[in-house]
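The points are grouped by topic.

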Amino acid sequence: MALLPILRWPDPRLSARCAAISADEDVSALVADMLETMYDAPGRGLAAPQVGVLKRLFVMDPGWKEGTPDPYICINPVLSDFSDELKSGPEGCLSIPGITTEISRAASVTLAWTDLNGITRQDRLTGFAAICAQHEYDHLDGIVTFDRLSGEARALAESSYQP
Ligand code: ZN
């Protein structure tokens with residue numbers, strides 16, 4: 001296992017749309033490195049493009065700082081059934097260190113993904129896990145927190161960011 005360098009915005013790789021992972025592709029070594037990197041950062045989620053790999057994969061562990069590590073390893077994740085109820089909370093990003101932004105997102109969402117054993121899994125997420133999944137999923141489409149802010153709020157957030 002190895003710690004991976006985390007790209008910082010505005011690295012163009014953070015704005016790229018990532019490619020699907022084929023069924024015969026072994027990403028287990030990458031996943032092990034991403035988990036090590038996420039826990040070391042320390043963070044609650046890390047998407048493959050944040051370490052320069054433009055593939056549809058993220059890891060997250062929304063509650064590890066409060067309890068035992070229990071990571072999600074999400075290959076080719078899909079979000080659906082976004083709740084009408086929205087929730088906004090402070091969001092940080094390992095690629096935009098030092099900045100937290102208030103972003104309105106669905107309060108609950110269904111996450112489907114393929115795990116490391118090739119098994120398709122699904123979970124209904126609420127609370128911080130729902131926010132975290134939507135944040136990490138955004139990275140796979142080249143979207144960062146700044147992109148979720150309106151003009152004035154974005155300008156303000158960007159102006160306080162020191163890359
Ligand atoms: Zn992020």
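**Arginine 105 and its partners**

The side chains of arginine 105 and glutamate 91 are joined by a polar contact of 2.7 Å. The model is predicted, and the points below describe that model.

- Arginine 105 belongs to strand β5, which covers residues 101–106.
- With a relative accessible area of 5%, arginine 105 is buried, because the cut-off for buried is under 20%.
- A polar contact of 3.0 Å links the side chain of arginine 105 to the side chain of aspartate 138.
- Not counting residues up to four places away in sequence, arginine 105 touches Glu85, Leu86, Lys87, Glu91, Ile131, Gln134, His135, Asp138 and Arg148.

**Zinc site**

- The zinc ion has three protein donors, Cys93 (SG), His135 (NE2) and His139 (NE2), at 2.1 to 2.2 Å from the ion.
- The spacing of these donor residues in sequence is C-x41-H-x3-H.
- Both histidine 135 and histidine 139 come from helix α2 (residues 127–140), where they sit four residues apart, or about one turn of the helix.
- An α-helix has 3.6 residues a turn, so residues three or four places apart point the same way.
- Histidine 135 is buried at a relative accessible area of 7%, and histidine 139 is buried at 1%.
- His135 is also among the residues that arginine 105 touches.

**The sheet**

- Five strands make up an open sheet with antiparallel pairing, in the order β1-β2-β3-β6-β7.
- The edge strands are β1 (45–47) and β7 (120–126); each has a single partner strand, so one side of each has no neighbour in the sheet.
- From one strand to the next, the twist averages 40 degrees.
- Seven bridges pair strand β6 (residues 108–114) with β7 in the antiparallel sense.
- Leucine 111 is placed opposite aspartate 123 of β7.

**Helices on the sheet**

- Helix α1 (residues 28–40) packs on the sheet and touches β1, β2 (57–60) and β3 (72–80).
- The direction of helix α1 makes about 40 degrees with that of β2.
- Helix α2 lies across β1, β2, β3, β6 and β7 and runs at about 155 degrees to β2.
- Of the 14 residues of α2, 12 are buried, so this helix is largely enclosed by the rest of the structure.
- The buried residues of α2 include Ile131, Gln134, His135, Asp138 and His139.

**Aromatic pairs**

- There are five aromatic pairs in the structure.
- In the pair of tyrosine 39 and tryptophan 64, the ring centres are 5.0 Å apart and the planes stand at 85 degrees, so the pair is edge-to-face.
- Tyrosine 39 is in helix α1 and tryptophan 64 is in the loop between β2 and β3, so this pair ties together parts that are 25 residues apart in sequence.
- Tyrosine 39 is partly exposed, with a relative accessible area of 23%, whereas tryptophan 64 is buried at 17%.
- Trp9, Phe146 and Tyr161 are linked into a cluster by ring pairs.

**Two loop residues**

- Leucine 149 is in the loop between α2 and α3 (151–159).
- Leucine 149 is buried, with a relative accessible area of 16%.
- Apart from neighbours within four places in sequence, leucine 149 contacts Thr101, Glu102, Ile103, Arg154 and Ala157.
- Between leucine 149 and alanine 48 the separation is 101 residues in sequence and 23 Å in space, C-alpha to C-alpha.
- Phenylalanine 82 is in the loop between β3 and β4 (86–91).
- Phenylalanine 82 is partly exposed, at 44% relative accessibility.
- Not counting residues up to four places away in sequence, phenylalanine 82 touches Ala106, Ser108, Val109 and Gln134.
- Phenylalanine 82 and aspartate 61 lie 21 residues apart in sequence and 20 Å apart in space, C-alpha to C-alpha.

Notes
Residues are numbered from 1 along each chain as its sequence is written. This is a predicted model: local features need pLDDT of at least 70, side-chain atom pairs count only at pLDDT 80 or more; totals for chains, interfaces and linings use all residues. Side-chain values use heavy atoms; hydrogens and water are left out. Donors are N, O and S atoms within 2.8 Å of the metal (3.2 Å for Na, K and Ca); water is not among the atoms, so sites may look incomplete. Buried means under 20% relative accessible area, exposed over 50%, partly exposed in between (1.4 Å probe, protein chains only). A polar contact is a pair of N or O atoms within 3.5 Å; within protein, one must be able to donate a hydrogen and the other to accept it, and residues adjacent in sequence count only if both atoms are side-chain atoms. Contact means heavy atoms within 4.5 Å. Two strands pair if DSSP finds at least two bridges between them. Axes are lines fitted to C-alpha atoms, for helices over the stretch in contact, and angles run from 0 to 180 degrees between N-to-C directions. Rings of Phe, Tyr and Trp (its six-membered ring) pair if their centres lie within 6.5 Å; planes under 30 degrees apart count as stacked, over 60 as edge-to-face and the rest as tilted.
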